[in-house]
Amino acid sequence: MKSETVHGVSLPKIGFGTWSIGGENSPDPTIDEASLTALRTALEVGYTHFDTAERYAAGHCEELVGRAIRESGKKREDVFITTKVSPEHLSYDDVLKACEGSLRRLKMDYIDLYLIHWPPRSISSLDEAFPALNKLVRDGKVKHLGVSNFNLKWLKRAQELSETPILTNQIPYRLPDKSYVANGVIEYCQQNDILVTAYSPVKFRSMRVNRTLNQIAEAHAATPFQIALAWLVMQPRVITIPMSFNPQHIKENFQAARIKLTDREMSQLADEW
Ligand SMILES: NC(=O)c1ccc[n+]([C@@H]2O[C@H](COP(=O)([O-])OP(=O)(O)OC[C@H]3O[C@@H](n4cnc5c(N)ncnc54)[C@H](OP(=O)(O)O)[C@@H]3O)[C@@H](O)[C@H]2O)c1
């Protein structure tokens, strides 16, 4: 698997998203078996980066991610775990408590990458959150810090407050959604050694019917979904985290990192949307 390295940390171009694993806004035990099967498949296929959040299935997602990794027999250092603190937990004490909760549910003693999931109501909340986040890094409970859904102003404020480099800004980025190109965040990240983690990379309806996408897919003996992922990860500093319950999709998404699009194909796709 190709990777991106920033500040001495390497992340695979394609990791595994986990929104809806174990439930959506609350735990749903009826899908535990399907959730564990998806996670086991991802581990067998070779995914090493797992993206979760305290909010996913109200913490149950983290429990299942931790369990699947333990049961796989993989060493802790061979996987990379991203999880996220919710914006309502950004007071100093709440950040520390939220992190303890995530570690307890994952049954791990550190988190590789800890993100602020969404900007809180006021930018001044960051002034209280970062001293706690910095402490978590100093204490070894978190290896690296990042943010999610941050615009340029918020991202720069986070950089000022963090004692360690902001490793990523996790944002919506996919063929039809270029809002973070338009607001300058992607270019800023690429120029300042911040990874863009593109979320919801294949969640759009028009994909199956888009002619250009289908033609390019055919030329590469790939699916349109794989081309959409390849288009993202061909870009410098961009990684992505597709999610799927379907073993075939899980495999195909992972393999998309191998596809090499030509410059013409890259711009054809970008211009189309
Ligand atoms: N930071 C944030 O605020 C934020 C927000 C949203 C998401 N995320 C993260 O990003 C991850 C990915 O985003 P997402 O789950 O919203 O959307 P996504 O991964 O773009 O799309 C998931 C959907 O696409 C389908 N799919 C996936 N691969 C496919 C393939 N190869 N062929 C056909 N269908 C395919 C899946 O169905 P099947 O199960 O049938 O394959 C599923 O319905 C999340 O899981 C989460 O970890 C973060």
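Let's start with helix α5, residues 152-161, in this predicted model. Which of its residues are buried? Trp154, Leu155 and Ala158 are. Now look down the axis of α5. The buried residues fall within an arc of 100°, so they line one face of the helix. Turn to the face pointing away from that buried side. There you find Lys153 and Glu160, and both are exposed.

What covers the buried residues of α5? The cover includes two helices, α4 (125-138) and α7 (185-191). It also includes two strands, β7 (142-148) and β8 (166-172).

Next, helix α11. It runs over residues 263-272. Its buried residues are Glu265, Met266 and Leu269. Seen down the axis of α11, they fall within an arc of 105°, so they too line one face of their helix. On the other side of α11, Asp263, Arg264 and Asp271 are exposed. And what do the buried residues of α11 pack against? Two helices: α8 (211-219) and α9 (224-233).

Stay with α8 for a moment. A loop sits between strand β9 (195-199) and α8, and Lys203 lies in that loop. Is Lys203 buried or exposed? The cut-off for exposed is over 50% relative accessible area. Lys203 has 55%, so Lys203 counts as exposed. Lys203 still has contacts. Leaving out residues up to four places away in sequence, Lys203 touches Trp19 and Arg174. In sequence they are 27 residues apart. In space, their C-alpha atoms are 9.8 Å apart.

Now zoom out to the chain. It holds 11 helices and 10 strands. Of its 273 residues, 55% count as buried. How do the contacts run along the sequence? Take contacts between residues at least 6 apart in sequence. Of these, 76% join residues at least 24 apart.

What about overall dimensions? Along its principal axes, the C-alpha trace spans about 55 × 40 × 30 Å. A compact globule with 273 residues would have a radius of gyration near 19 Å. The chain has 18 Å, which agrees.

Last, surface and charge. The chain exposes about 12000 Å². Carbon and sulfur atoms supply 48% of that area. There are 33 positive and 33 negative charges in the chain. How far apart are their mean positions? They are 2 Å apart.

How values were computed: Residues numbered from 1 in each chain as written. Predicted model: local features only at pLDDT ≥ 70, side-chain atom pairs only at ≥ 80, totals over all residues. Heavy atoms only, no water. Buried < 20%, exposed > 50% of the residue type's maximum accessible area, 1.4 Å probe, protein only. Helix = DSSP H or I, 4+ residues; strand = E, 2+ residues; numbered from the N terminus. Arc of directions from axis to C-beta. Contact = heavy atoms within 4.5 Å. Rg over C-alpha atoms; globule rule 2.2 N^0.38 Å. Areas by Shrake-Rupley, 256 points an atom, 1.4 Å probe, with all protein chains shown as cover. Lys, Arg positive; Asp, Glu negative; His and termini not counted. Charge placed at Lys NZ, Arg CZ, Asp CG, Glu CD.
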